[in-house]
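Hi everyone, thanks for coming. Please have a look at the screen, and then I'll walk you through a few spots.

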Amino acid sequence: MNPAHDPKPLYLEPEQPYLVSIDGPALCLADPQGKERHLPLRRISRIIAHENVQFHTEALIACAKRDIPILIHSEDHAHVRIIGPAPHPNTTFRQALIDLQQRPDWTERYVDWRRSNHYRITRLLAQRLQAPRVLDRNPGLLRNWIEQRVEELSDPETQKITRHRFYQLSLSWIQKRLHQEGLGSESENLLRDRIDLPAQLAMLLDERIQTIRLGWLKRRHRWAKRHGRHPEPVTTEQIVRIFEKDSARISKLGDDLINRFHRWLIEIQ
């Protein structure tokens with residue numbers, strides 16, 4: 001298969017209301033002026049859309065049938081997550097998650113796993129960001145330290161938008177990956193029964209890629225200082241470009257996280 005033709009994420013971030021309908025095997029995207037463009041469903045892996053985008057029900061159903069998860073967000077929150085049935089529901093991952101939830105102590109064991117990985121990621125981040133040694137044992141303090149660095153390198157709006165958008169993009173990636181692991185709409189109880197697995201795994205991935213966020217903002221700050229300017233507020237399009245530029249690295253980190261979780265599920269059986 002030609003990598004250039006592999007399905008790619010579709011980002012819809014219009015400033016004005018946008019309409020998405022279905023036209024045969026393609027999505028039809030119409031702007032407020034009525035200008036249309038068509039995107040074949042086979043070219044789309046997942047959709048990340050601002051709440052300004054309005055989807056026809058038929059378009060949502062078509063995406064679900066073609067294994068295309070959708071995340072709809074505002075500036076601050078991920079509001080809607082839509083997934084269809086998993087293409088391969090009978091996976092060892094799904095069965096291991098079912099087996100976990102048969103245990104009377106499963107929530108406590110899961111919380112322990114999540115906490116230990118949060119601390120593991122904190123140690124890695126503190127080392128790679130050359131943060132004070134005392135922070136490598138406190139995830140909350142390290143994240144506060146990262147946000148302080150971001151504030152020093154940018155403006156409040158940039159700090160806010162990068163914090164929210166990097167998490168939203170991580171959530172979309174995790175949602176697609178779990179779908180591939182057999183967790184689709186038929187597994188709703190597995191995903192959100194007492195825990196929100198996609199959101200919590202996305203938080204761990206988001207922590208892991210703070211090196212990308214902070215490194216990018218450092219480069220922008222150095223460039224602006226060298227040219228006697230103040231860094232301009234970033235745009236959603238710039239954040240998406242950075243995320244996609246490092247998509248191979250992010251996928252590697254996300255796969256490592258999912259694989260660690262899968263191995264743990266099997267080990268505690």
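Let's begin in the loop between helix 1 (57-65) and strand 7 (70-73), where Asp-67 is found. Helices (H or I, at least four residues) and strands (E, at least two) are DSSP runs, numbered from the N terminus. This is a predicted model, in which local features need pLDDT of at least 70, side-chain atom pairs count only at pLDDT 80 or more, and totals for chains, interfaces and linings use all residues. Residues are numbered from 1 along each chain as its sequence is written, and side-chain values use heavy atoms, with hydrogens and water left out.

Asp-67 is not a glycine, yet its phi is positive, about 60°. Its relative accessibility is 23%, so Asp-67 counts as partly exposed. For the cut-offs, buried is under 20% relative accessible area, exposed is over 50%, and partly exposed is in between (1.4 Å probe, protein chains only).

Now to Gln-130, in the loop between helix 3 and helix 4. Gln-130, also a residue other than glycine, has a positive phi near 55°. Is Gln-130 buried or exposed? Gln-130 counts as exposed because its relative accessibility is 70%.

Last stop: helix 8, residues 210-226. Its 17 residues reach 24 Å from first C-alpha to last, close to the 24 Å expected at 1.5 Å a residue; that expected span is 1.5 Å times one less than the number of residues. Among the buried residues of helix 8 are Ile-212, Leu-214, Trp-216 and Arg-220. After helix 8 comes Gly-228, with a positive phi near 65°.
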